[in-house]
Amino acid sequence: MKKLLLIQRIIFIFLFSLFFSIAFTSCNSEEVDIDLSERNIKVIGHGGMGIGQVYPMNSYESIMYALSLGSDGVEIDVQMTKDGVLVAFHDEELETKTNKTGKIYEQTWEQIKGAEYTSSAPYTKYRVVRLEDIFEHVPNLEKYILALDIKSFNPSTSVDYSSQLNASLISLLEKYKQKRNLNLNNIYIEFKRTDLIESLQNERPNYQIFVYETFEIALEKARRYNLKGITVQNDDLTKENVEQAHNEGFLVATLNTHSKARNIEAINKGVDYIQTDKVKHLLKILK
């Protein structure tokens with residue numbers, strides 16, 4: 001009886017090991033079975049490490065961690081205070097993520113300064129930072145790609161607003177071009193609003209501007225304004241779309257890659273930049 005039980009146990013262990021081996025190989029084959037020939041896909045951390053990670057999106061810590069892992073760059077959400085300070089923050093309302101309330105564009109930096117994220121890990125204090133804090137303190141900033149997603153929460157369409165936004169962006173970029181040898185060709189600025197595209201393009205036609213929209217609208221605007229590229233959510237993008245954009249001379253960035261499967265989908269579509277929420281996984285495949 002004992003001998004029979006021993007044989008059954010050995011058979012069970014063998015079958016379990018075989019099943020695990022097949023499952024493991026199957027998981028890895030998904031990653032191996034990717035055509036990377038003639039592709040130069042850049043790993044861009046979405047707000048740093050992405051949604052649902054230990055560090056809050058757009059925090060200095062999240063951005064630094066993504067870069068330290070080997071990312072080619074990071075996407076940063078940018079909003080402007082009413083006194084012209086550029087702030088790295090995603091949501092319209094501060095209270096969704098921090099211990100302060102209100103909209104950034106309705107307040108001065110002095111009112112927002114010191115805001116701490118409340119959705120981060122316990123026993124830590126991560127603060128909302130200015131874009132300049134990132135430009136000032138990230139080591140070797142000139143080596144990285146920075147995608148600045150200019151949020152469109154401020155409803156103002158006045159010339160005063162667009163002029164103030166331009167002044168803030170240009171002042172910061174030109175300052176760090178001189179101070180830290182910042183490569184402006186490594187920075188692309190994402191807009192949804194065409195009035196802001198027109199306004200900045202009139203002042204700085206050499207800046208790398210992307211339009212963030214659904215594919216058809218993005219491509220039409222990229223043609224009209226002769227932009228550098230388009231940013232389209234992964235769900236709204238096909239391989240054929242990417243090929244069409246490339247054939248017309250536009251670069252393509254995508255986002256909403258918040259799973260391993262979506263990372264692989266984006267790779268197989270042949271995009272140029274993947275703003276990923278799964279930085280480690282994408283680096284493992286591409287690096």
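Predicted model: local features only at pLDDT ≥ 70, side-chain atom pairs only at ≥ 80, totals over all residues.
**First stop: the ring pairs.** Show the aromatic side chains before you zoom in; the structure holds seven aromatic pairs. Now select Y55 and Y126. Their ring centres are 5.4 Å apart and their planes meet at 85°; with over 60 degrees counting as edge-to-face, that is why this pair is edge-to-face.

Colour the chain by secondary structure to see what this pair connects. Y55 sits in the loop between β1 (42-46) and α2 (60-68), while Y126 is in the loop between α3 (109-112) and β4 (129-130).

Is Y126 buried or exposed? Y126 is buried, with a relative accessible area of 10%, whereas Y55 is partly exposed at 26%.

**Second stop: two helices.** Next, select F135 and Y176. This aromatic pair is also edge-to-face, at 5.8 Å centre to centre and 80° between the planes. F135 belongs to helix α4 (residues 131-137) and Y176 to helix α5 (residues 159-179), so distant parts of the chain, 41 residues apart, are linked again. F135 is buried, with a relative accessible area of 0%, and Y176 is buried with a value of 0% too.

Ring pairs link Y55, Y65 and Y126 into a cluster.

**Last stop: a charge over a ring.** Finally, select K192 and Y212. K192 lies over the face of Y212, at 4.8 Å from the ring centre.

Conventions
Residues numbered from 1 in each chain as written. Heavy atoms only, no water. Phe/Tyr/Trp six-rings, centres within 6.5 Å; stacked < 30°, edge-to-face > 60°. Helix = DSSP H or I, 4+ residues; strand = E, 2+ residues; numbered from the N terminus. Buried < 20%, exposed > 50% of the residue type's maximum accessible area, 1.4 Å probe, protein only. Lys NZ or Arg CZ within 6 Å of the ring centre and 35° of its normal.
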